[in-house]
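Here is a walk through a fold, one piece at a time. Keep the viewer open and follow along.

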Amino acid sequence: MAAADLQQNARDHLWMHFTRMGGFGEGKDVPIIVRGDGCYLWDANGKRYLDALAGLFSVNIGYGYGEEIGQAALEQMRELPFYTNWSYAHPRAIELATELASLAPGDLNRVFFVSGGSEAVEAAWKLARQYYVARGNHGGPLRYKAIARYISYHGTTMGALSINGCPSLRGVFEPLVPEVRHVHNTNRYYRPADETEATFTQFLLDDLEQAILAMSPETVCLVHMEPVQNAGGCFTPPAGYWAGVRAICDEYDILLSADEVITGFGRLGHWFGSERYDIRPDIICCAKGLSSSYGPIGAVIASDRVMEPFLGAKSSYSHGMTFGGHPVMCAIALKNIEILKREGIIEHVRETQDIFRAKLETLLDLPIVGDVRGTGFFYALELVKDRATRETFDDDECESLLRGFLSLALFEAGLICRQDDRGEPVIQISPPLIAGEAEMDEIVTILRVVLTEAAERMRLGG
Ligand SMILES: Cc1ncc(COP(=O)(O)O)c(C=O)c1O
């Protein structure tokens, strides 16, 4: 189709996700991306963009490996285009499960495949619920409740949505799946200035323990958290946090699930964020970077302890989906992992993350940038009205700043990144893991120009 036809048909027939479909027309086009290479994308009019979001925090190897991954997919199509993981195995699922077991830390040795992140979270909660039944809960109450954190995003299917801590996403779908409580996330930006890191950690751990006690510990099956929380803007954990969460889960015999849908496969400079922070989870959920999003595939990786009650001759995990472990998706994921290893991409993140961070921190001289947070290739800039008082923008200001100005201005300047106000307003930066200093400089240069104009529009002082 020609560009004009694509535009018209997109408006007439395509229903885009989380998109105000009524907002197009009269000068506002549907952004149509037609091609990608490296860290760059091109739209239907031939304009180039630096993708500082790696698709959706997910195209870890960048857009330039289509030939090689396509060849692996083609070979798999020829050999066995589809078979299922329901009662049967096939070589690619076995090979990928073996590879993931070797990459995942500790005794996380068992892999259950799904098609994406929401399905992985869904499967993790169901697994945790059934785990206690399979183990025989000795006549005790059913363990079915879960705990997650405020403002966290874990997906959109009903179970995953229920675990979500974003009120704006949950509200319209209430009542959700019982029963989830949300505890404080690790956002330290708005904590008292004189609070030490150790006090903050203790505050968070006390909050988690209080939530468990209030829910009746013997009814809670899962604590589900990201190693670094994305929504709200890259909340890294304070020292001692993960060791404390692990200890509390052990004390109350609750499974700990690390949502590594974003943080897995190099985003934090390690195969898994669980390794980076020594989280020792019982379950890891992954998707996105598992295939660098060249194909829809996700996985739940369970520890030997979680698997143990499912190894009885008559027991099985009562869950499955047609496309879980699709052989073509497994072939794509295997090739993606081969490329990540061969090209030293995860080492590249580890070696250049400090340079990236230092470049982003130069933006702290702008009156609208209150904080730069994150690690690896995963950063957020907190936008504030007043850097000294940390005063944030109200809802109307967020609407005019983020949706009314920033998203369009950054896109027009050739930069794709995320402007998010699920918590306080932030800009999220999470480029393909192959980004070098030239791309980092381009990101910072465009951000400086656009954020300077944003500050002027919001009439912020220097
Ligand atoms: C941490 C986390 N978990 C789960 C999901 C859901 O993944 P998907 O969109 O593949 O269903 C996402 C998606 O962004 C995510 O960031």
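Glu-179 sits in the loop between α7 and β6. (Helices, H or I of at least four residues, and strands, E of at least two, are DSSP runs, numbered from the N terminus.) This is a predicted model, in which local features need pLDDT of at least 70 and side-chain atom pairs count only at pLDDT 80 or more, while totals for chains, interfaces and linings use all residues. Residues are numbered from 1 along each chain as its sequence is written.

What kind of peptide bond runs from Pro-178 to Glu-179? That bond is cis, with omega near 0 degrees. Pro-175 is also placed in the loop between α7 (167-170) and β6, and a cis peptide bond joins Glu-174 to Pro-175, with omega about 0 degrees. For background, most peptide bonds are trans, and most residues other than glycine have a negative phi. On the phi side, have a look at Ala-54: it is not a glycine, yet its phi is positive, about 50 degrees. Ala-54 belongs to helix α2 (residues 54-57).

Now for the sheets. Strands of a sheet pair through backbone hydrogen bonds, either parallel or antiparallel. Here, two strands count as paired if DSSP finds at least two bridges between them. Seven strands make an open sheet in the order β4-β10-β9-β8-β7-β5-β6, and the pairing is mixed. The edges are taken by β4 (108-114) and β6 (180-183), each with a single partner strand, so one side of each has no neighbour in the sheet. From one strand to the next, the twist averages 20 degrees. (Axes are lines fitted to C-alpha atoms, for helices over the stretch in contact, and angles run from 0 to 180 degrees between N-to-C directions.)

Inside that sheet, strand β7 (residues 220-225) pairs with strand β8 (residues 255-259) in the parallel sense, over four bridges. Helix α4 (residues 91-103) lies across β4 and β10 (298-303), running at about 135 degrees to β4.

There is also an open sheet of four strands, in the order β1-β2-β3-β13, again with mixed pairing. Its edges are β1 (33-37) and β13 (415-416), each with a single partner strand, so one side of each is left without a neighbour in the sheet. Strand β2 (residues 40-43) and strand β3 (residues 48-51) pair in the antiparallel sense over three bridges, and the bridge partner of Tyr-40 in β3 is Leu-50.

Back to α4, and on to its helix partner. α4 and helix α12 (residues 327-342) pack at about 40 degrees, with their axes 8 Å apart. The crossing is left-handed (the near helix is turned anticlockwise from the far one by less than a right angle; clockwise would be right-handed). Which residues of α4 meet α12? They are Arg-92, Ala-93, Glu-95, Leu-96 and Glu-99, facing Pro-327, Cys-330, Ala-331, Ala-333, Leu-334 and Ile-337 of α12. (Contact means C-beta atoms, placed from the backbone, within 7 Å.) By class, this contact has eight nonpolar, no polar and three charged residues. (Ala, Val, Leu, Ile, Met, Phe, Trp, Tyr, Cys and Pro count as nonpolar, Asp, Glu, Lys and Arg as charged, and the others, Gly among them, as polar.)

α12 also meets helix α3 (residues 66-79): the two axes come within 9 Å and cross at roughly 145 degrees. α3 passes α12 in a right-handed crossing. Among the residues making the contact are Ile-69 and Met-77 of α3 and Val-328 and Ile-339 of α12. This contact has nine nonpolar, two polar and two charged residues.

Last stop, the ligand. Which of the 14 residues around the ligand come nearest? They are Gly-116, Gly-117, Ser-118, Gly-155 and Val-261. (A residue is near a molecule if its C-beta atom, placed from the backbone, lies within 6 Å of it.) Helix α5 (residues 117-135) gives the largest share of the shell, three residues. By class, the shell has six nonpolar, six polar and two charged residues.

Conventions. Contact = placed C-beta atoms within 7 Å.
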